[in-house]
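Me: Could you walk me through this model, one question at a time?

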Amino acid sequence: MLLNGKLHPKAIRCFKVVFERYSTNGLMSKDQCHDFTCACLGTVTKRYEDKINALYADYDYDNDGFLDINGFLAFYEKAAQDNKGSTV
């Protein structure tokens, strides 16, 4: 998923498609992020407020309550860097 420590271009394309599906007008609300998280994990009953709030605290760069594509990609890049087993 990484190439030279950065997200691989193919991974970026995939994440952009996912982001567009779960966002509105280029912004993802916390509710939309919850929907995305539930879809990834295959559950709809569990709430992920703590994890989502932490995500937004780190990657909602303008603190408007929405994640933009840059924050979304930065989150996944950091996650891939932290998980060295998924590098190219």
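Reply: Happy to! Helices here are DSSP runs of H or I with at least four residues, and strands are E runs of at least two, numbered from the N terminus. Please keep in mind that this is a predicted model. Counted that way, the chain has 4 helices and 2 strands.

Me: In what pattern do these elements follow one another along the sequence?

Reply: The two strands, β1 (2-3) and β2 (6-7), are separated by a loop. Reading along the sequence, the pattern is β-β-α-α-α-α.

Me: What radius of gyration does the chain have, and how does that sit with a compact globule?

Reply: The C-alpha atoms fill a box of roughly 35 × 30 × 20 Å along the principal axes. For 88 residues, a compact globule would come out near 12 Å. The chain agrees with that, at 13 Å.

Me: Which residues have the most contacts inside the largest nonpolar core?

Reply: Of the residues in the chain, 34% count as buried. The largest nonpolar core has 20 residues. Helices α1 (9-22), α2, α3 (49-59) and α4 (69-82) are the elements that give two or more residues to this core. Those with the most contacts inside it are L7, F15, M28, Y56, L67 and F72.

Me: Is T37 buried or exposed?

Reply: T37 lies in helix α2, which spans residues 30-41. Apart from neighbours within four places in sequence, T37 is in contact with Y48 and I52. Its relative accessibility is 17%, and since the cut-off for buried is under 20%, T37 counts as buried.

Me: Where is N63, and what is its phi?

Reply: N63 sits in the loop between α3 and α4. N63 counts as exposed because its relative accessibility is 62%. Its phi is again a positive value in a non-glycine residue, near 55°.

Me: How far apart are the mean positions of the positive and negative charges?

Reply: The chain holds 11 positive and 12 negative charges. Their mean positions lie apart by 9 Å.

Technical notes: Residues are numbered from 1 along each chain as its sequence is written. This is a predicted model: local features need pLDDT of at least 70, side-chain atom pairs count only at pLDDT 80 or more; totals for chains, interfaces and linings use all residues. Side-chain values use heavy atoms; hydrogens and water are left out. Buried means under 20% relative accessible area, exposed over 50%, partly exposed in between (1.4 Å probe, protein chains only). Contact means heavy atoms within 4.5 Å. The radius of gyration is taken over C-alpha atoms; the globule rule is 2.2 Å times the number of residues to the power 0.38. Lys and Arg count as positive and Asp and Glu as negative; His and the chain ends are not counted. The place of a charge is taken as NZ of Lys, CZ of Arg, CG of Asp or CD of Glu. A nonpolar core is a set of buried Ala, Val, Leu, Ile, Met, Phe, Trp, Tyr and Cys residues joined through side-chain atoms within 4.5 Å.
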